[in-house]
Amino acid sequence: MKVTALLPENLVDDVKALSKGKNITESLLIALNEWVQHKKIKALVQNIAEEPLRFAEDFDIYETRNNNRT
């Protein structure tokens with residue numbers, strides 16, 4: 001997708017420097033992908049905080065350990 005955007009030059013310079021991309025396009029792709037990953041992780045953490053994970057009633061740590069060792 002081709003996009004035209006008005007971005008502050010200092011912001012673009014920071015993105016290029018921090019992402020170490022070969023050009024502006026690659027730098028923006030790196031930055032946007034990292035931002036999306038960060039948001040997804042943040043949402044997952046929030047989801048777990050609201051509804052913590054629970055072990056099944058019949059969960060047996062020793063059986064699981066033995067299964068993982070074989």
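A pocket is an open set of grid points, with a 1 Å spacing over the protein atoms alone, that has protein on both sides within 12 Å along at least five of seven lines; its lining residues have an atom within 4 Å of a point. The model toured here is predicted.

**The pocket**

Select M1, K2, V3, T4, A5, L7, I24, T25, L28, L29 and L32: these residues line the largest pocket. Its volume is about 330 Å³. Colouring the selection by class shows eight nonpolar, two polar and one charged residues in this lining.

**The loop between α1 and α2**

Proceed to K20, which is situated in the loop joining α1 (9-19) to α2. In general, most residues other than glycine have a negative phi. K20 has a relative accessible area of 67%, and is therefore classed as exposed, the cut-off being over 50%.

**Along helix α2**

Next select E50, a residue of helix α2. Is E50 buried or exposed? Because its relative accessible area is 59%, E50 counts as exposed. L29 and E50 are 21 residues apart along the chain, and their C-alpha atoms are separated by 32 Å.

**The loop between α2 and α3**

Move on to P52, in the loop that runs between α2 (24-50) and α3. P52 has a relative accessible area of 40%, so this residue is partly exposed, a class that lies between the limits of 20% and 50%.

**The nonpolar surface patch**

Finally, select F55, F59, I61 and Y62 and display the surface. Together these four residues form a nonpolar patch on the surface, with about 480 Å² of accessible area. One of them, I61, belongs to helix α3, which spans residues 61-69.

Terms used. Residues are numbered from 1 along each chain as its sequence is written. This is a predicted model: local features need pLDDT of at least 70, side-chain atom pairs count only at pLDDT 80 or more; totals for chains, interfaces and linings use all residues. Side-chain values use heavy atoms; hydrogens and water are left out. Patches are made of residues with over 30% relative accessible area and no salt bridge: like charges are joined within 9 Å, nonpolar side chains (Val, Leu, Ile, Met, Phe, Trp, Tyr) within 5 Å. Accessible areas come from the Shrake-Rupley method with a 1.4 Å probe; for residues, only the protein chains shown count as cover. A salt bridge is a side-chain nitrogen of Lys or Arg within 4 Å of a carboxyl oxygen of Asp or Glu. Helices (H or I, at least four residues) and strands (E, at least two) are DSSP runs, numbered from the N terminus. On a 1 Å grid over the protein atoms alone, a cavity is a set of points where a 1.4 Å probe fits but cannot get out, and a pocket is an open set with protein on both sides within 12 Å along at least five of seven lines; lining residues have an atom within 4 Å of a point. Grid points are joined across faces, edges and corners, and a volume is the space filled by probe spheres set on the points. Ala, Val, Leu, Ile, Met, Phe, Trp, Tyr, Cys and Pro count as nonpolar, Asp, Glu, Lys and Arg as charged, and the others, Gly among them, as polar. Buried means under 20% relative accessible area, exposed over 50%, partly exposed in between (1.4 Å probe, protein chains only).
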